[in-house]
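Work through the exercises below with the sequence and the coordinates at hand. Each task is followed by a stepwise solution.

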Amino acid sequence: MPLIQAFFAIVRRDLLLAFRRRAEMANPLFFFVLVVTLFPLAVGAQPNLLRAMAPGVIWVSALLAALLSLDGLFRSDFEDGSLEQLLLSPHPLSVLVLGKVFAHWLVTGLPLLLVAPLLALFMGLPEQAMPTLWLSLILATPLLSLIGAIGVALTVGLRRGGMILSLLVLPLYVPVLIFASGAVDRAAGGLPTGAQINILAAMLLLALVLTPLPTAAALKMSVN
Amino acid sequence: MEHSSSAMLEVAGLSCSRDDRLLFSGLSFGLRPGQVLLLEGSNGSGKTTLLRILCGFREADGGEIFWAGRRIAESRYFADMAYVGHADGTKKELTVLENLRFALALGHPGQYSIDLALQKVRLSGYDDSPVQSLSAGQKRRLSLARLLVTHSILWILDEPFTSLDKQGIELIETLMDEHAKNGGMVILTSHHDLTFPHLGLQRIHLDSCP
């Protein structure tokens with residue numbers, strides 16, 4: 001299947017590119033770790049307060065780290081003309097876009113997932129909330145990449161699109177933030193989290209189907 | 001919509017304006033297999049804009065483009081054409097080979113294998129060099145190697161001769177000539193006059209379009 005080949009060719013290429021510019025790619029992860037570790041220092045020796053804040057702090061930092069990483073999604077492709085070549089490919093652009101978003105998530109979302117339990121421990125999050133924290137991150141970080149891709153595609157043609165990108169994307173991130181940190185918060189209190197997790201899963205599935213199309217359309221507009 | 005004409009690529013009544021300035025209007029031409037079309041005109045006369053319309057990046061304000069008798073959106077046009085623009089479209093962190101493999105994965109395999117194409121553009125031996133270590137002219141030749149490894153009937157080239165030396169220019173002209181002789185088509189813009197006495201060469205001067 002040439003289409004599946006093209007999809008994996010994009011994923012492979014973007015992973016290779018990320019590997020060749022490791023330092024740049026580690027930025028969001030570094031930011032995530034830095035913000036979360038600074039909180040206990042600023043708040044002081046108040047374990048109970050930190051424990052109560054943990055879900056919110058971890059999730060806000062993860063969200064801002066995701067936002068920070070977004071700009072690189074299409075920027076270099078736009079600047080060196082690779083994006084034009086993607087547009088001219090006989091394969092549907094939305095599938096290629098999905099490949100790019102997937103690679104982007106592997107590079108920026110997955111590392112967050114791996115360090116989050118460590119940081120949660122550091123903040124004193126109860127152990128019973130760990131599985132929920134993981135699950136919420138697994139469901140919501142790809143969601144952030146998918147939603148963010150629309151915003152990046154719209155602003156990639158602008159010289160200073162960073163500000164507009166945040167304004168466009170943050171309102172769409174708010175529901176994700178509410179349900180994800182809400183789930184972790186409830187799990188820490190020993191309450192059931194089925195509803196929040198189900199809603200996140202539904203949002204992810206919906207985004208997987210719906211976001212590649214507007215992203216592809218926005219990219220076409222940006223290249224114009 | 002069917003549109004009968006002997007030409008493979010048919011442009012009918014194309015017009016485009018930018019910032020209230022009319023670039024061209026009522027532009028019509030046809031291109032048959034084996035023909036080369038050279039777009040001429042001063043800076044800002046709309047050469048690149050016309051090429052971008054032909055690539056589907058930009059909507060024309062009026063007119064239609066047909067490929068093999070059908071509107072381009074309904075035809076195999078995008079599987080049959082290839083574009084090399086001002087930006088090379090190659091990734092500078094990847095090697096020559098990785099770039100061409102990726103181009104091949106996106107399109108359909110063409111006439112030449114990667115090795116053969118690199119030989120053609122005199123880049124053999126550079127397989128594993130990262131693109132950022134190549135000179136400007138070598139990068140240009142690499143972006144043209146992409147045309148050879150993927151299947152394409154129509155080549156759209158925007159200023160293909162920039163940053164090429166004399167041998168490089170000759171090389172590109174030979175490649176275009178071979179492509180045309182094999183039934184391909186080329187549309188290009190250039191400030192440099194073609195030295196190749198190509199039989200099927202058409203010229204369009206955009207300044208003279210009202």
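**Exercise 1. Classify Asp19(B) as buried or exposed, and describe its backbone.**

Solution. Step 1: count the C-beta atoms around Asp19(B); 5 others lie within 10 Å, so the residue is exposed. The cut-offs are 20 or more other C-beta atoms within 10 Å for buried, 12 or fewer for exposed, and partly exposed in between, with C-beta atoms placed from the backbone.
Step 1: locate the residue. Asp19(B) sits in the loop between strand 1 (9-18) and strand 2 (21-31) of chain B. Helices (H or I, at least four residues) and strands (E, at least two) are DSSP runs, numbered from the N terminus.
Step 2: read phi. Asp19(B) is not a glycine, yet its phi is positive, about 50°. Most residues other than glycine have a negative phi.

The model is predicted: local features need pLDDT of at least 70, side-chain atom pairs count only at pLDDT 80 or more, and totals for chains, interfaces and linings use all residues. Residues are numbered from 1 along each chain as its sequence is written, and chains are lettered from A and ligands numbered from 1 in the order in which they are written.

**Exercise 2. Describe the fold of chain B as a whole: how many helices and strands does it have?**

Solution. Step 1: chain B has 6 helices and 9 strands.
Step 1: its radius of gyration, taken over C-alpha atoms, is 17 Å, close to the 17 Å from the globule rule for 210 residues, so chain B is as compact as a globular protein of that length. The rule is 2.2 Å times the number of residues to the power 0.38.
Step 2: of the 210 residues of chain B, 39% count as buried.

**Exercise 3. Which helix of chain B gives the most to the side that touches chain A?**

Solution. Step 1: 20 residues of chain B are in contact with 20 residues of chain A; contact requires C-beta atoms, placed from the backbone, within 7 Å.
Step 1: helix 2 (77-80) and helix 3 (96-106) of chain B each supply at least two residues of that side.
Step 2: helix 3 of chain B gives the most, with 4 residues.

Notes
Two residues are in contact if their C-beta atoms, placed from the backbone, lie within 7 Å.
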